[in-house]
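Here's a quick briefing to read with the model open beside you. Have a look at the fold first, then work through the notes below.

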Amino acid sequence: MRLRNRHILLGITGGIAAYKIPLLVRFLKLEGAQVGIICTENALQFVTEKTLSVLSEKQVLTDFFDTDTGEWNHHVNLGLWADLMVIAPCGSNTMGKIVHGMCDNLLTTTIMSARCPVWIAPAMDLDMYQETSVQENISWLASNNYKILEATEGPLASGLSGKGRMQEPEEIFNQIIEYFNPSDTQWHKKKVLITAGPTHEPIDPVRFVGNRSTGLMGISIAERLWELGAEVELILGPTHLEPTYPISVHRIETALDMFEKCKELQPKMDIIIMAAAVADYRPENVAIEKIKKQEGKDFEIKWAENPDIVKSLSERKTKSQRIIGFALETNNSKENAIKKLNNKKLDCIILNNPSSKTGFASETNQVIMINKNGDEIETNLESKQEIANIIVNKLHDWIF
Ligand code: CTP
């Protein structure tokens, strides 16, 4: 599922190559992508709306307004939804419109509103393709941040043979996979240890003290690194979640278990990311039998301090090892995060605040990343998978 949670918006214009796009939709869906489709009116002469909507599991958009419900297909929202927009096949008409800022249909309007990369796969007959105006439009698009998936040579629907064929769906698909999972990333073969989830500190055989962490943030980072070819070891506290990929997972219960596992794995690691919500204290004595209620009496626990795992790992880290911590703060957030960054001798700290939409047990998050040189970035509120992607990309810039 190399495109899990990726939003790919396909634009289809009128051209015979449109008949190949259902295959591309199928490939993208099989890799877990969410696929939105906008067709021009002419595109639907070459491929059916039904085929596309069945394969994409979404309504195909053609107009500014839904003819059944009257609802507005908001081009700005579509443009913001997309992580990548691919116009395939793209005829000379649509290219000309983009170059000249003409927004007379939903497709060109959305292209103009998109914040994500827009790729264009031209397709037309060979003489049209060679036409100076078309070539000038292609050059203009290429030098204005549009990626051109250059047409290829071969037999054309007209019976002629030459340059003008849309790249095959497989080729377009492979480039999309490479874009989201670059093979030249430095994460390839890097050994990364990630801790995630809560720890549970037992009181007696049936009771424990824990926290609300689900481990989703750490698991999402582990999954993204796995997709990029890193060799990932995940130390995971008690949670119902687990990674979707065959990542090496070490299940632990307590902070002391986590500490032992970290010490064991640390020497082989290039990078350590401590996303776990580790309990700072544990009950000093764990009762062997279930503690009985003592009517009329309060109950007290004596707490022993747990080791600060990440601090201890930093003290014994090798010169080339990099250690990244998290900080969960409710007040003076940045000041406290910077204190932790320095005190725990981290290379980078990722700060989050618990709220209904961020932090523990939430599907979304918003973080500030600060490195030891004082560089800083702040993300928007995004799914934890997208935050993981941003974290991994920024660490790539900062670490390598
Ligand atoms: N951490 C750790 N061992 C602990 C406690 C925390 O390794 N016993 C790590 C966490 O995994 C995280 C970082 O330290 O990467 C900061 O954790 P946080 O809970 O925000 O801070 P604490 O150091 O526990 O300080 P406080 O609870 O006072 O904010």
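Let's start with Phe 46: this residue is partly exposed, since its relative accessible area is 35% and partly exposed covers the range between under 20% (buried) and over 50% (exposed). Keep in mind that this is a predicted model.

**The patch around Phe 46**
- Phe 46 sits in the loop that runs between strand 2 (34-39) and helix 2 (49-56).
- Together with Ile 16 and Tyr 19, Phe 46 makes up a nonpolar patch on the surface.
- The accessible area of these residues together comes to about 310 Å².

**Who surrounds the ligand**
- The ligand has 15 residues around it, and the closest are Met 274, Ala 276, Val 310, Lys 340 and Lys 344.
- By type, the shell splits into ten nonpolar residues, four charged ones and one polar one.
- Helix 11 (309-315) and strand 16 (322-328) each contribute at least two residues to the shell.
- Strand 16 gives the largest share of the shell, with four residues.

- On its own the ligand has 560 Å² of accessible area, and the protein covers 77% of that.

**Backbone spots to check**
- Ala 88 and Pro 89 are joined by a cis peptide bond, with omega at about -10°.
- Pro 89 is part of strand 3 (residues 84-90).
- Asn 145 has a phi near 70°, which is positive even though the residue isn't a glycine.
- You'll find Asn 145 in the loop between helix 7 (132-142) and strand 5 (146-148).
- Asn 145 counts as exposed because its relative accessibility is 75%, and the cut-off for exposed is over 50%.
- Asn 332 is another non-glycine residue with a positive phi, here about 40°.
- Asn 332 belongs to the loop between strand 16 and helix 12 (333-343).

Key: Residues numbered from 1 in each chain as written. Predicted model: local features only at pLDDT ≥ 70, side-chain atom pairs only at ≥ 80, totals over all residues. Heavy atoms only, no water. Near = heavy atom within 4 Å. Areas by Shrake-Rupley, 256 points an atom, 1.4 Å probe, with all protein chains shown as cover. Nonpolar A, V, L, I, M, F, W, Y, C, P; charged D, E, K, R; others polar. Patch = residues over 30% accessible without salt bridge, like charges linked within 9 Å, V, L, I, M, F, W, Y side chains within 5 Å. Salt bridge = Lys/Arg side-chain N within 4 Å of Asp/Glu carboxyl O. Buried < 20%, exposed > 50% of the residue type's maximum accessible area, 1.4 Å probe, protein only.
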